[in-house]
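Please look over the fold, the sheet and the side-chain contacts of the chain shown here. The report below takes these topics in turn.

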Amino acid sequence: MNSILILFAHPVLEKSRVQRSLLSKASSLPNVSVRDLYELYPDFNIGAEKEALAQHDSVLWQHPFFGILLLLY
């Protein structure tokens, strides 16, 4: 089975019910690793993620789209 890495980034996760729910469900799946970039790298230096990327078959970027939606209005 393929291993999946979810690189998760949300600046205010505690305010997002949808993202928290997605993160919780995804974390419980077999062969899925979730890495919360805001939690792991408060200084935004994510260079250490290269190793995590190399250890997985697929990568999913999960992040909010609210900034894009605000621009549409």
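## An aromatic pair

Tyrosine 38 is partly exposed, with a relative accessible area of 35%, where buried means under 20% relative accessible area, exposed over 50% and partly exposed in between (1.4 Å probe, protein chains only). This is a predicted model, in which local features need pLDDT of at least 70 and side-chain atom pairs count only at pLDDT 80 or more, while totals for chains, interfaces and linings use all residues. Residues are numbered from 1 along each chain as its sequence is written, and side-chain values use heavy atoms, with hydrogens and water left out.

Rings of Phe, Tyr and Trp (its six-membered ring) are taken as a pair if their centres lie within 6.5 Å, and planes under 30 degrees apart count as stacked, over 60 as edge-to-face and the rest as tilted. By this rule there is 1 aromatic pair. Its members are tyrosine 38 and phenylalanine 44, and because the ring centres are 5.8 Å apart with the planes at 85 degrees, the pair is edge-to-face. Phenylalanine 44 counts as exposed, at 60% relative accessibility.

## Overall layout

The protein chain has 4 helices and 3 strands, these being DSSP runs numbered from the N terminus (helices H or I, at least four residues; strands E, at least two). Read from the N terminus on, the elements follow the order β-α-β-α-α-β-α. Of the 73 residues of the protein chain, 29% count as buried.

The 3 strands form an open sheet with the order 2-1-3 and parallel pairing, two strands being taken as paired if DSSP finds at least two bridges between them. Strand 2 (32-36) and strand 3 stand at the edges, each with a single partner strand, so one side of each is left without a neighbour in the sheet. On average, and with direction ignored, neighbouring strands of this sheet are turned by 20 degrees against each other; the axes behind this value are lines fitted to C-alpha atoms (for helices over the stretch in contact), and angles run from 0 to 180 degrees between N-to-C directions.

Strand 1 (residues 4-8) pairs with strand 3 in the parallel sense over 5 bridges, and leucine 5 has valine 59 in strand 3 as its bridge partner. Strand 1 also pairs with strand 2 in the parallel sense, over 5 bridges, and here isoleucine 4 has valine 32 of strand 2 as its bridge partner. Strand 1 is mostly covered, with 4 of its 5 residues buried.

## A salt bridge between helix and strand

With a salt bridge defined as a side-chain nitrogen of Lys or Arg within 4 Å of a carboxyl oxygen of Asp or Glu, the count comes to 1 salt bridge. The partners are glutamate 49 and arginine 35, whose closest N and O atoms are 2.6 Å apart. This pair links distant parts of the chain, since glutamate 49 lies in helix 3 and arginine 35 in strand 2, 14 residues apart. Glutamate 49 is buried, with a relative accessible area of 3%, whereas arginine 35 counts as partly exposed at 25%.

## Loops and backbone

Asparagine 31 sits in the loop between helix 1 (17-27) and strand 2, and its phi is near 65 degrees, a positive value in a residue other than glycine. Asparagine 31 is partly exposed, with a relative accessible area of 37%. Phenylalanine 44, placed in the loop between helix 2 (37-40) and helix 3, likewise has a positive phi of about 65 degrees although it is not a glycine.

Proline 11 belongs to the loop between strand 1 and helix 1 and is partly exposed at 43% relative accessible area. The C-alpha atoms of proline 11 and leucine 37 are separated by 9.4 Å, with the two residues 26 residues apart along the chain. Glutamine 55 lies in the loop between helix 3 (49-54) and strand 3 (58-62) and counts as exposed at 53% relative accessibility. The C-alpha atoms of glutamine 55 and serine 3 are separated by 8.2 Å, although these residues are 52 residues apart along the chain.

## A nonpolar patch

Leu53, Val59 and Trp61 make a nonpolar surface patch of about 280 Å², and tryptophan 61 is found in strand 3. Patches are made of residues with over 30% relative accessible area and no salt bridge, like charges being joined within 9 Å and nonpolar side chains (Val, Leu, Ile, Met, Phe, Trp, Tyr) within 5 Å. Accessible areas come from the Shrake-Rupley method with a 1.4 Å probe, and for residues only the protein chains shown count as cover.
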